[in-house]
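Please read them with the structure open.

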Amino acid sequence: MKLKKAILLFGAVCILNIAAVGCGSATEPTVKTKEAQSGEILPEEETNTPLKDNDKDTAESQENTSGKWQVLEPDIAAAVNADFLGKVWKIEEDSFFIVERKVKISEDGSLIYSSPSSDADLPDSQLIHVIFEEDTVFYRRNIDEDEESHEYKEAGFQDLNKHMFVEMKGSFVNDEFHATEIRFF
């Protein structure tokens, strides 16, 4: 009788362990919903496939995935022809700090920009360090008197001033923006 109870107990423990291991490794697909134009809600499965086929671009975009700052969304980046926008806050000898300049695309397709006031007192934790190399290209936008021509001309780091707006190409590494091109006005 004791042997029978021991076998039943052992069998029950084995079945529970198998069930626990089997259930623990199974994953369910995440389902998001999006509203169709007709107002009907359609399921949309989440995929884990990368958006870019180029391994270099994928590696660069994943460098700062856990960081505080991220480059612009692809549709916004294409609209402004930049990877990140900012407003110069502090200038050092060989680098500078910016605050994020946010941009949204309105329903009519126009761009809406926002940034902190130049008089705002911001903590250093809100500043983004911009690093550039010798081969980083600087451009300054010259606005004609009629303000219709917005031509960029080559410039240098020395032409950058506090509170100027910057449009930059590059990427984030450890919450520092490494710029390859900087346009300012």
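1. The main nonpolar core. This is a predicted model, and its largest nonpolar core has 19 residues. Phe96, Ile98, Val166, Met168 and Ile182 are the members that touch the most others in that core. Two or more residues come from each of β3, β4 (96–100), β7, β9 and β10.

2. Ile131. This residue belongs to strand β7, which covers residues 128–143. Is Ile131 buried or exposed? Its relative accessible area is 19%, and the limit for buried is under 20%, so Ile131 counts as buried. Beyond its neighbours within four places in sequence, Ile131 is in contact with Ser95 and with Glu176, Phe177, His178 and Ala179. The C-alpha atoms of Ile131 and Phe97 are 8.9 Å apart, while the two residues are 34 apart in sequence.

3. Salt bridges, the pair Asp124 and Lys90. The model holds 3 salt bridges. In one of them the side chains of Asp124 and Lys90 meet, at 3.6 Å from N to O. Asp124 sits in the loop between β6 (111–114) and β7, and Lys90 in strand β3 (residues 84–91), so this pair ties together parts 34 residues apart in sequence. Asp124 is exposed, at 54% relative accessibility. Lys90 is partly exposed, at 32%.

4. Salt bridges, the group around Arg183. Glu167 and Arg183 meet through their side chains at 3.2 Å, N to O. Because Glu167 is in strand β9 (residues 165–173) and Arg183 in strand β10 (residues 176–184), the pair ties together parts that are 16 residues apart in sequence. Glu167 is buried at 9% relative accessibility, and Arg183 is buried at 6%. Arg183 also forms a salt bridge with Glu181, where the closest N and O atoms are 2.7 Å apart. Through shared partners, Glu167, Glu181 and Arg183 are joined into one network.

5. A nonpolar surface patch. Which residues form a nonpolar patch on the surface? They are Ile105, Leu111 and Tyr113, which together have about 220 Å² of accessible area. Ile105 is in strand β5 (residues 102–105). With a relative accessible area of 38%, Ile105 is partly exposed.

6. Confidence. The average pLDDT of the protein chain is 76, and 61% of the residues score at least 70. Over residues 25–62, however, the pLDDT is below 50. This stretch still has 19 contacts in the model beyond near neighbours in sequence. Where pLDDT is low, the predicted coordinates should not be read in detail.

Methods:
Residues are numbered from 1 along each chain as its sequence is written. This is a predicted model: local features need pLDDT of at least 70, side-chain atom pairs count only at pLDDT 80 or more; totals for chains, interfaces and linings use all residues. Side-chain values use heavy atoms; hydrogens and water are left out. Helices (H or I, at least four residues) and strands (E, at least two) are DSSP runs, numbered from the N terminus. Buried means under 20% relative accessible area, exposed over 50%, partly exposed in between (1.4 Å probe, protein chains only). Contact means heavy atoms within 4.5 Å. pLDDT is the predictor's confidence in each residue, from 0 to 100. A salt bridge is a side-chain nitrogen of Lys or Arg within 4 Å of a carboxyl oxygen of Asp or Glu. A nonpolar core is a set of buried Ala, Val, Leu, Ile, Met, Phe, Trp, Tyr and Cys residues joined through side-chain atoms within 4.5 Å. Patches are made of residues with over 30% relative accessible area and no salt bridge: like charges are joined within 9 Å, nonpolar side chains (Val, Leu, Ile, Met, Phe, Trp, Tyr) within 5 Å. Accessible areas come from the Shrake-Rupley method with a 1.4 Å probe; for residues, only the protein chains shown count as cover.
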